[in-house]
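Biologist: Can you walk me through a few spots in this one? Start with the terms, please.
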Amino acid sequence: MDRRSFLLGALGGAALSASWTPLRALSAAPPLDGLRLRHPTLGHIEINTQEGWIGTARWRVEGLNAPQPGAVAPDGAVWSCELGAHRLMRISAEGQVTAFGAYGAALGQLCYPRGLTLGPDGLIYLADGLNHRVQIFDQRGIALGQIGDGALNGPRGVAFDRAGRLYVTDAGARRVRVFDVGSGAQRLAFGLSEDQPFSPSGIYIDDEGGVHVSDIARAEILTFDTQGAPRRRRALRVGRGVEVRA
């Protein structure tokens, strides 16, 4: 049987394992050899240089306030955000932390940020949870714009497909929404029927076009195609991390 871990989406097909609250982890992707991101509930991020959960720490960042799913930039920096501190973080390859943003609703300010991803344009797309939008930042941490303002209700996860479309898990609306980044227009919205509980959170899109969404209402991973048609559902196996057996 093919055993895969549920992982953090990252640029270029790479990924980082996640040991935070299992049902909010992201979906299956190939592991990045020799590099693991640990995120326990104790509020720290740690990069390990060995396989598995036990490894030699290259660096460790303590004292974080509910750090969220992140991504790795081409320069080796880890981008993440703090839900409780309302800020975006860049953690260099050496472990140096630079923080951006503060609590608020203006451009560049955040209110309970959730997951983020790096776009094909190299920009950072961050689910700004209770501001109900996705904010766009450059690699210097400067806010450039937003997507979905007025269309989203508590976004949690973001991911790109191979065509460059942005997928957003809109938890409050119980939908997955698809946006054109250039125009900001919504192209598609999908989910389950109204009589079924559905709370979409993490999201990952594989190279074959499978859209994998973690549903924290049902403790399942739901797989759709890029047009929103359901393809598969799998129960989550909760342990130290999150795994699925295909």
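Modeller: Strands (E, at least two residues) and helices (H or I, at least four) are DSSP runs, numbered from the N terminus. Two strands pair if DSSP finds at least two bridges between them. This is a predicted model: local features need pLDDT of at least 70, side-chain atom pairs count only at pLDDT 80 or more, and totals for chains, interfaces and linings use all residues. Residues are numbered from 1 along each chain as its sequence is written, and side-chain values use heavy atoms, with hydrogens and water left out.

Biologist: How many residues lie between E11 and E12 in the hairpin?
Modeller: Five, and Gly 122 in that turn has a positive phi of about 85°. E11 and E12 (residues 124-128) run antiparallel, joined by four bridges. Leu 116 stands opposite Leu 126 in E12.

Biologist: Where is Tyr 103?
Modeller: Tyr 103 sits in the loop between E10 (97-100) and E11 (113-118). Tyr 103 counts as exposed because its relative accessible area is 56%.

Biologist: Other topic. Ser 199, buried or exposed?
Modeller: Ser 199 is buried, at a relative accessible area of 16%, in the loop between E18 (186-190) and E19 (200-205).

Biologist: What is Ser 199 in contact with?
Modeller: Leaving aside neighbours within four places in sequence, Ser 199 is in contact with Arg 156, Ser 214, Asp 215, Ile 216 and Ala 217. Contact means heavy atoms within 4.5 Å.

Definitions and conventions
Buried means under 20% relative accessible area, exposed over 50%, partly exposed in between (1.4 Å probe, protein chains only).
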